[in-house]
Amino acid sequence: MSLEKPRPSTTDHVGVTEQGLDYEALADLLGDLVVGRESHINAEGFVVRPERVAEALGRLKQQAGFDHCSCVTAQEYDDRFESIYHLKKYADPTQEVSVVVPTSRDDPRSQSGNSVFRTADWHEREAYDLMGITYDEHPDLRRILLPETWQGHPLRMDYDQEQPQVVTFREHANPLKEDHREDDADTMFVNVGPHHPATHGVLHLKTVLDGETVADVDPDIGYLHRCEEQMCQQSTYRHQIMPYPDRWDYISAGILNEWAYARAAEDLAGLEVPEYAQVIRTMSAEMCRIAAHLLALGTFALDVYGDFTAIFMYSTRDREVVQNLLEDLTGQRLMFNYLRLGGVAWDLPEPREEYFEKVRDFLDDLPAKLEEYHDLVTGNEIFQLRCVNTGVLEPDVAKSYGATGPVARGSGIDYDLRRDDPYGYYPELDWDVVTEDGCDNYSRVLVRMKEIEESAKIIGQCVDLLEEWPEEEREIQSNVPRTLKPDNDTEVYRAVEAAKGELGIYMRSDGTDTPARFKIRSPCFSNLQTLPEMSTGEYIPDLIASLGSLDIVLGEVDR
Amino acid sequence: MNWGLLQQANNSTNGSGNGTNATNASGGMGGGEVQTLPDTLASLLGLGDGPLVTFVMGIVAAGLVASFLLTLVAVSGIWGKRKITAAFTDRIAVNRHGPFGLLIIVADAVRLLSKELIVPDGADRPAYDIAPIIMVSSALLGFAVIPMGSGIQLADPEAGLVYVFAVASIASVGLVTAGYASNNKFSFLGGLRAVAQNIAYEIPLVVTAASVVIFAGSLRMSEIVAAQSATLVSLGPVSIPAWYAFVNPFAFVLFVAANLAEVGRNPFDVPEAPTEIVAGWQTEYSSVYFVLCYLSEFIHIFLGGAIIATLFLGGPAGPGPEALGFVWFVLKMLAVYLFTQWARSAVPRVRIDQLIEIGWKGMLVLSFANLLLTAVIVGVAF
């Protein structure tokens, strides 16, 4: 079947056995670095001394093959602070391990993992910003989401919310000031954003130009930070959290995001999801993916073509069709709030036949439309001139930064959680994971366009299944308690393949009906981190094109 | 430089053609038999032809032509552009104000003019104010020598074509002035890009035009038009005129492409490049100044269309009586305008280094090859 992944022989990695991961072998590998063990739902955790983090991560990466630092979670207990490095393998993301680093309350200080995984840079900055853990040997430890002048660390228990904050516009104090990096260099500092036609939201790129080429670029994020994690921590598992995921990646990828929470929470609480609901979830999620990718294509065209081109309007027009289908299903166009723990909110709209017909009409029209896009976009010679071999992201660099989704697949990394860490109804369906080896802007566009075709294949199969589903077996939700109170101190990290890549949720329960810690691993956050690698030394237009090809949504970057 | 190139081309024509060029002979170099619009006005009013009368009538005629152009820009720039772009992008566009939404022109004009004029801190004041005026006037001045048919031509100097290119390229000065005077880094980048682009594309443009001059044997606009009135081939009842677009399609394509760069439209809109450098040189212009910038862009597009129509599409020639010439001319100009909007809707923008490379390594070489070829053909055939 097409879903079979050509698995590389990873047996030379420590801990890999036929039965799965042998954590004892990993413990032996880490040896005296391990001072304790924890058991999370998704993986075993090794407790490591704060001053030997890089060594532990390094051994796991080099000798055990854990090349994907998916997320870094910082949290606070009554007696300690803790950073958790969630490690996975690009070759097989079901092989997971957590590296738990406790630090003292008085002086939370641990070693940075940046020397092993470049992606730890931003993740640790976020941990420092929100939780106040200091990472030694970090190259650039400063606040990332909040302004430089912020007082206190807002996710700490003792944080005083009433405390007045003074936020200056210091970075904009004098945008015209002279900026010479070296004594005789003719470089020029330019603020690209936060209000700029190409940043697709409030992103601020501190850019240093040398003529028309980019000498240095430093993304400044956090303009759209809405304390999503904290809001989720104050909400109950059962109903109150589900609306929030719609607001992370709000480019019509809502159901994909909801699924990330649903998957994590269902694993945390041990809930079953009826098969019928899984099929509906799979279908609606792929509709969201098509809508998201169409918009990504249209806005990328904006960046490369100029404003108000045919492509942008065409993709908006075609996206509208999917939006209507989703509206029929969920009653909403933007904030769907359709999934529920243990299933979905309600069944397909009546009359069912009419709805299936609409979906089929959409699927039938799609190939011709995609052909048109290929004529207009990917077949255009100027477009190829602009996109081929620009914004190059080598696979090993992409892996080090934790890039996932179309960005990773455009760099030839065969990684898709729908297949590699199966959930929903995906394993039962016939579809392919799209990869391109170009590593450039062009490949990323191609991957998205081909993924639209694959999503259409999935939707088509789901419609066939739903149509023949016996009426008495249409169970849309399993039996879920009215109030969910997972056992005290249960921890889970689960991810799904969202529109932009791996969207992961870490949750720790404390025995109440709200999570003690809710951490969102945003794919855009990690993907955006690769921008300086892609665009330093290239031209300004390529910087803009690369940014567009990353397809970030600031709502998800800043959360 | 333009002048020198064209002179050279002209001389070489005379040399190689050796006076046998038919059009050359029929047109003559010294005559001024074409009646210009000021003359017509003067004679209609029975005012004789003193220098004062010529001066006053020249002003009046220029006012008439400029008013027409501004009206054309208002209709096509504010209303037509939206409708055309909407048609390309599957939308409806303005349709609420007046018939076909035409009253949006009034609404937009009022809106734009009533906006606050924000002058950035540290702008180089006289230069910042003058730049938009330079750009608009350079485009308008070009129309002085364009034969628009039905007897509408303000002047018909011997070096008409050179004059058009000379005044049109004054706009580059306006662009760079606007760029640096705005005290904005995006404007600055845009201004520099505009100058680099204009230099890279002006030369192929002028050299390609020179190949037309070789054919026509004259720089005088009216004679270039007259030279295209002959019949190229007759297909039964339909006779195809000897427009230079048909005689030398290669030069026509080159010229149209270079003209896209000259007016800064996709794929060559890098001086503005909205998604890269916000709005390029016009980032800091608002209200009336913005209107002037906008106006100059559109008049430049129309001037480009007028030059293309005159050099390659037989000027005001078309079926029907000669009095309809003006209509045909405007239609040809609008066709070129439509083409620029089409390109804008569907063609990606090239990168600045690619743009310069296409200009210097591609277009320049091709245009000189075209010039040489034309000179050889004219020398051998006539």
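Author: Let's start with α13(A) and α16(A), whose crossing is left-handed. Keep in mind throughout that this is a predicted model.

Zoom in on the residues and you'll find A:N441, A:R444 and A:V445 on the α13(A) side, meeting A:A545, A:S546 and A:S549 from α16(A). Sorted by class, that contact has 2 nonpolar, 3 polar and 1 charged residues.

Now stay on α13(A), residues 441–468, and look at another partner: α6 of chain A, residues 275–305. Here the axes sit 9 Å apart and the packing angle is about 155 degrees. Anything over 145 degrees counts as roughly antiparallel, so α6(A) and α13(A) are roughly antiparallel to each other. The crossing of α6(A) past α13(A) is left-handed. As for what lines this contact, its residues divide into 19 nonpolar, 3 polar and 4 charged.

Stepping out from chain A, we get to its partner. There, 26 residues of chain B are in contact with 29 residues of chain A. On the chain B side, α4 (51–88), α13 (274–277), α15 (325–346) and α16 (352–381) each supply at least two residues. Mind the naming, as this α13 belongs to chain B: α13(B) gives the most to the side that touches chain A, with 4 residues. By class, that side of chain B has 10 nonpolar, 7 polar and 9 charged residues.

Across the boundary, 22 residues of domain 1 of chain B are in contact with 24 residues of domain 2 of chain B. On the domain 1 side, α3 (37–45), α4 and α5 (104–114) of chain B each supply at least two residues. The most comes from α4(B), which gives 14 residues to the side of domain 1 that touches domain 2. That side of domain 1 of chain B has 13 nonpolar, 8 polar and 1 charged residues.

How values were computed:
Residues are numbered from 1 along each chain as its sequence is written. Chains are lettered from A and ligands numbered from 1 in the order in which they are written. This is a predicted model: local features need pLDDT of at least 70, side-chain atom pairs count only at pLDDT 80 or more; totals for chains, interfaces and linings use all residues. Two residues are in contact if their C-beta atoms, placed from the backbone, lie within 7 Å. Ala, Val, Leu, Ile, Met, Phe, Trp, Tyr, Cys and Pro count as nonpolar, Asp, Glu, Lys and Arg as charged, and the others, Gly among them, as polar. Axes are lines fitted to C-alpha atoms, for helices over the stretch in contact, and angles run from 0 to 180 degrees between N-to-C directions. Angles under 35 degrees count as roughly parallel, over 145 as roughly antiparallel, 65 to 115 as roughly perpendicular and the rest as oblique. A crossing is left-handed if the near helix is turned anticlockwise from the far one by less than a right angle, and right-handed if clockwise.
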